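Dear colleague,

I am handing over the structure we spoke about, with the sequence alongside. Please look through it first, and then read the notes below on what was found.

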Amino acid sequence: MCGIVGYIGKSAALPILLNGLKRLEYRGYDSAGIAILQDNKIWIGKNRGKIKDLEIEIGGEEVGGTVGIGHTRWATHGEPSRVNAHPHLDCKGEVAIVHNGIIENYSILKSRLQAEGHKFKSQTDTEVLVHLIEMFYKGDLINAFRKSLRLVQGTFGIIVLSSLQPDYLLVARRGSPLVIGIADGETYIGSDGSAVVEHTRDVIYLEDDEMAIIGRDETQVRTLQDKKVSKSVEKLPFDLNEIQKEGYPHFMLKEISEQPRTMADSMRGRILLEEGNAKLGGLEGYWDRLRDSSRLIITACGTSWHAALIGEYLIEQLAQIHVEVEYASEFRYRNPVIDKNDVVLAISQSGETADTLAAVREAKCKGALTLGLCNVVGSSIARETDAGVYLHAGPEIGVASTKAFTSQVVVLTMMATILGRMGHLAAEDGRMITQELVEIPDKINRILQKQDQIKDIARTMADKHNALYLGRGYNYPVALEGALKMKEISYIHAEGYPAAEMKHGPIALIDENMPVVIIAVKDSVYDKILSNIEEIKARGGWVIAVVFEDDNVVKKKVDCVIEIPHTIQCLTPLLTAIPLQILAYHTAVLKGCDVDQPRNLAKSVTVE
Ligand code: AGP
């Protein structure tokens, strides 16, 4: 959940490390720091706050060293502060480390090290690692590093810098992602590709329990048991432009606006209009196993879990396959009943969410086929599942997920169509679904034109403290997602609910200060939604409704409407989600919130 960077080469490391940290800031942004080898001493600059605060802290200080490490933090152990910020030094100031992950047995290790006389400065779990290296160091830093890691329980992505061995950096990973960017006489290290892409697209992905010795001219990869590992150099699937704002005030608005293109990219080469079908290369050879599975268990967290719920509706309706949706964090510890005929599909934008990765490993050891639906190419979940599909939605930098969500739903729709066409879904129906699907991007363009109208509605939300989001059927998960977007970026306590459930409690919350956002598109449960609107209005509730363009019924019943183009019921979530993303965005902007880096959040939750 932190971002780590490293550089060794011919150029001054400081500007390269600062830039790399800015690219990774969406991973954690409560404090930051850098260490650079200068005149065979370790220079350190660190601070509470964002990278820009660190730049101010460093000011114009001349730091010309050509090897260094950096860190941007999401605090797990010890509050955000200068002393708890990384890098951490050993007692003699000869070894510095940056770490992404959690050392679960740190307190036992810490008491042992303190008993040996080591002095700790911070409350972090990480600091034990640098003192362990110091304790094991007898002239061979690599050996001391390996011995230290063998004592560690938990997760790590680590980079070590030392004046004892000035000509190389040491890195290792277990559970936290790490990418090594290879260039001519220069090597760039980052928690993900966005930290290195402006310098090179040639990268090496480290696997769990691998380490690398990165010299100025050569990189060696070995296991923690000291076996040599040959690695292939892969190409990053995106370029620098894709991780820049390109004139938008926020990454979130850019990513909302990109959805017509990103959804088209998720469909590209995968839709078979003539046959009313689709094809997903990554799952070729697994369709029969999926089709004949006794259960398809979809597991995920946060927004990806909401997409999973829509996947349940799609696959059960179009393919009549039994689907269960599980919160990964509960699934992994519940000792779930799974057998070898079950298939477990893990959905994760980042492909690094710790709970979802653990759920995959749990399913694997119980013999289920594991599949992944990920956006980040080369991510842990993508590499650890038996097979899977990439979203092709491009890098998602805004912490609040938007384009990844709609692309997840597009791919789940294609999966449901393929499985349906293998069963009772007629070619005619398949053609209707695929034809409507390819028309969705244009319809989203029309919704994106309504920014100003939605901004006006946001003005009436910005001074509220609570909100209720309601939907039925396919749009119940969209209500959950709309509420999550509003929560995570505007800090308004918004709750999503199945509309029918309102009468069983939440209706007690209804009054003129409780905005109710309701999805009221004309589908098989439309009449029920109309009754729910009546119940809310009867209690003085203030209602914002998402409706189809020509709906003149709801308009007369509610306080304001957001109109969207028509589509078929099973595809409505791809349209109804957009106005809710935009509403949350403008409400947060009007409240002066940090939309791309909301407080207390981070883009990828790589710790438990
Ligand atoms: C969504 O806006 C949040 N950033 C968060 O809920 C996110 O969806 C969740 O952490 C899962 O992330 P993943 O898809 O990368 O696994």
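Beginning with the ligand, a polar side-chain atom of Ser-304 lies 2.6 Å from one of the ligand's oxygen atoms; please keep in mind throughout that this is a predicted model. A backbone N or O atom of Thr-303 lies 3.0 Å from an oxygen atom of the ligand, and an N or O atom in the side chain of Lys-485 is 3.1 Å from an oxygen atom of the ligand. On its own the ligand has 410 Å² of accessible area, of which the protein covers 90%. Two or more residues of the shell come from each of the elements α9 (302-319) and α16 (475-490), and α9 gives the most, with three residues. There are 14 residues around the ligand, and those that come nearest are Ser-304, Ser-348, Ser-350, Thr-353 and Glu-488. By kind, the shell divides into eight polar, four nonpolar and two charged residues.

Turning to the strands, β9 (residues 179-183) pairs with β10 (residues 186-190) in the antiparallel sense, over five bridges, and within this pairing Ile-182 stands opposite Thr-187 in β10. The two strands β9 and β10 form a hairpin with two residues between them, and Gly-185, which sits in the turn, has a positive phi of about 70°. β9 also pairs in the antiparallel sense with β11 (residues 202-205), here over three bridges, with Val-179 standing opposite Tyr-205 in β11.

With best regards

Definitions and conventions. Residues numbered from 1 in each chain as written. Predicted model: local features only at pLDDT ≥ 70, side-chain atom pairs only at ≥ 80, totals over all residues. Heavy atoms only, no water. Pairing = 2+ DSSP bridges. Helix = DSSP H or I, 4+ residues; strand = E, 2+ residues; numbered from the N terminus. Near = heavy atom within 4 Å. Polar contact = N/O pair within 3.5 Å; in protein donor to acceptor, adjacent residues only side chain to side chain. Areas by Shrake-Rupley, 256 points an atom, 1.4 Å probe, with all protein chains shown as cover. Nonpolar A, V, L, I, M, F, W, Y, C, P; charged D, E, K, R; others polar.
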